[in-house]
Amino acid sequence: MPLACPRCRQEMKLRRVHPKGAERSLEIDECGRCGGLWLDKGEAAVVCPTVAYLERRHIEITALGAPSGALHRCPRCAGELFEFTILDLHVDYCGGCSGVWLDADDHEGRTRGLDGQEVELPADEVEVGDI
């Protein structure tokens, strides 16, 4: 069953991508209306190295992150989304399933070759200490 976009409630489409440097392709959920991406647990680290450490920081994020007032609940599990910024990247993280929402203007230039072109990224060794 297709997921509903947490930003605009539009039905998202599954998109098969093979990020540069990844061992396998992934199916990510993309909103055709607002351009946002939903990344399930484990996908975020492959697609966007900036958020690779989120799962290990689950307790900190849910304790210190602000509830995401601008978004609806998680499209995967209906859990609460917590928003915070890491290296100028606005991230919405689900406390229930560890999924990640990236708005279109936030993920552009930060995702790893989803359009098949080389993309410059911030350092892979990112810590989530400044939530």
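In the predicted model, the sulfur of Cys94 lies 3.5 Å from the closest cysteine sulfur, that of Cys77, which is too far for a bond. Cys94 itself counts as buried, with a relative accessibility of 0%. A disulfide requires the two sulfur atoms to be within 2.5 Å. Across the whole structure, the search returned 0 disulfides.

The protein chain contains 3 helices and 7 strands, arranged along the sequence in the pattern β-β-β-α-α-β-β-β-β-α. Among contacts in the chain with a separation of 6 or more, 51% join residues 24 or more positions apart.

Of the 131 residues in the protein chain, 46% are classed as buried. The accessible surface amounts to about 6,900 Å², and carbon and sulfur atoms account for 45% of this area.

In soluble globular proteins, nonpolar side chains tend to be buried together. The largest nonpolar core in the model has 19 residues, of which Val51, Leu54, Val91 and Val100 touch the most other members. Two or more residues of this core come from each of strand 2 (26–30), strand 3 (37–39), helix 1 (43–47), strand 5 (81–86), strand 6 (89–94) and strand 7 (100–102).

Note on methods: Residues numbered from 1 in each chain as written. Predicted model: local features only at pLDDT ≥ 70, side-chain atom pairs only at ≥ 80, totals over all residues. Heavy atoms only, no water. Helix = DSSP H or I, 4+ residues; strand = E, 2+ residues; numbered from the N terminus. Buried < 20%, exposed > 50% of the residue type's maximum accessible area, 1.4 Å probe, protein only. Contact = heavy atoms within 4.5 Å. Areas by Shrake-Rupley, 256 points an atom, 1.4 Å probe, with all protein chains shown as cover. Core = buried A, V, L, I, M, F, W, Y, C linked by side-chain atoms within 4.5 Å.
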